[in-house]
Amino acid sequence: MTDDVLVVHGGTPLEGRIRVRGAKNLVSKAMVAALLGDTPSRLFDVPNIRDVEVVRGLLGLHGVKVTDGEEEGELVFDPANVESASTDQINVHAGSSRIPILFCGPLLHRLGHAFIPDLGGCHIGPRPIDFHLQALREFGATVDKRPEGLHLSAPNGLHGTKFSLPYPSVGATEQVLLTAVMAEGVTELRNAAVEPEIIDLICVLQKMGAIIKVHTDRVIEIQGVPKLHGYTHRPIPDRIEAASWAAAALATRGHVEVLGAQQADMMTFLNIFRSVGGEYEVTDLRPPRHGDAGQEGGIRFWHPGGELKSVALETDVHPGFMTDWQQPLVVALTQARGLSIVHETVYEQRLGYTEALNTMGANIQVYRDCLGGTPCRFGRRNFKHSAVIAGPSKLHAADLVIPDLRAGFSHLIAALAAEGTSRVYGVDLINRGYEDFEAKLADLGAHVERP
Ligand code: EPU
């Protein structure tokens, strides 16, 4: 197999401190938003991950000059010369990320047309884009699906509309926001997603001059404006990465402080973490004063010793338990006494990774039924989307192939928790969403090496 492999000598608790930067699922969208401004934008704390590289490449192709700012992790976007790119150039990025779909609205506003390559992203089910395309058509765009990708145009401009999402999709909500802010008239979006990353994107757009009201009951109203300017923004920290390290601390019986982690965005995770028997302490930011340097805020997560307890949880849209928290936490649940139940209600096929955990000694059964929670869209539709985890199980080393980003991180945690030496193939996929994860593992005392 490839040399994209990490050798993991497991069985050592992770101990130490790491820092998370801007949330992958906000940063990439804020970068797209920079296209809408007529003056430069400045984004701080941008992690060095593959999704950022892809968006940077696409912005560059469309004439946005992207440069590194003075601060580490700062990017500056100059949209003064936005221009069309050829389909061949754009197609270099085909299959590399899902973010390109969000270029539709901004490119239509700036150029009157857009070409979107085949999307990539994690293989966690079919991941259709029907809501996106339906919304864009409602705004007045024409969408031409061709073998090489999507061609869009807006011969009569884009106009505000009333639209209700069949499901509160994060991406489709962002699509509507990025399109409605400069569409003529008012847009009302019902059944919108309201994840913290979306609220942060709304903050970015508001800084640019947009008028966006978030009403109760997931209704967002956007009043289109003819012009937006650049923004300066420090993004919310990555709550998925923070939870992943927390789960790693729990599964390895360790102690990890995640600087930058924010309690408010992780409340649901923290409740489950505590129910399982993990402990945490929130350390609030203390600004510098009287000559002392102050202290960065974060959350310390640890395994207090003894046995973990089983839980029942279901993934959901915000403020529910995030689907991306599920995979890392399940590894820790293999160490909990009794039966834990996980009902995945956001994606229909996001439990396939549990097979690899079973080869390591875990005892996880997956079911088609909606177990332990309210019936969801996937019930009686032949999707194995509920898991029962019987524990505690002693995990042993294995050779693993990483299937997608979050499942990949869970494989890594399992290898770290297991006795013996595992080989984890395809680890470069983890760089899509976890900045410098190998350096962080080293900081936490993990015994890992590239062969
Ligand atoms: N859906 C449709 N049609 C659409 C769009 C979505 O049926 O047009 C369905 C999806 O198939 C899925 C559900 O709606 O069953 C939710 O999908 P959503 O659109 O909310 O997901 P997304 O925007 O594609 C983002 C994150 C994911 C995260 C989900 C849910 C980014 C780049 N990705 O995806 O993050 O799991 O929201 O919170 O923001 C990850 O970071 O590893 C990741 C997969």
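Modeller: Here is a walk from the annotated site out to the domain contact. This is a predicted model, where local features need pLDDT of at least 70, side-chain atom pairs count only at pLDDT 80 or more, and totals for chains, interfaces and linings use all residues. Residues are numbered from 1 along each chain as its sequence is written, and side-chain values use heavy atoms, with hydrogens and water left out.

The "binding site" label comes from an unreviewed UniProt entry and covers Lys 24 and Asn 25; UniProt positions are given in the numbering used here, feature names are shortened, and such annotations may be inferred rather than shown by experiment. From this set, Lys 24 is in the lining of the largest cavity (on a 1 Å grid over the protein atoms alone, a cavity is a set of points where a 1.4 Å probe fits but cannot get out, and lining residues have an atom within 4 Å of a point).

Lys 24 counts as buried because its relative accessible area is 8%, while Asn 25 is partly exposed at 22% (buried means under 20%, exposed over 50%, partly exposed in between, with a 1.4 Å probe and protein chains only).

Now the neighbours, leaving out residues up to four places away in sequence. Lys 24 touches Ile 49, Asp 51, Asp 238, Leu 405, Arg 406, Arg 432 and Gly 433, and Asn 25 touches Glu 174, Glu 197 and Ile 240 (contact means heavy atoms within 4.5 Å). Glu 197 also meets Arg 239 in a salt bridge, 2.8 Å from N to O (a side-chain nitrogen of Lys or Arg within 4 Å of a carboxyl oxygen of Asp or Glu).

Stepping back, the chain is assigned domain 1 (5-20 + 237-449) and domain 2 (24-233), with bounds from an automatic or database domain assignment. The contact takes 24 residues from domain 1 and 23 residues from domain 2. Together the two domains bury about 2100 Å², 49% of it on carbon and sulfur atoms (the accessible area, 1.4 Å probe, that two parts lose on being put together, summed over both). On the domain 1 side, Val 317, His 318 and Arg 432 lose the most area to domain 2, together 32% of what that side buries. So Arg 432 turns up here as well as among the contacts of buried Lys 24. Across this interface the rule finds 3 salt bridges.

Notes
1 Å grid on protein atoms, 1.4 Å probe; cavity = no way out; pocket = protein on both sides within 12 Å on 5 of 7 lines; lining within 4 Å.
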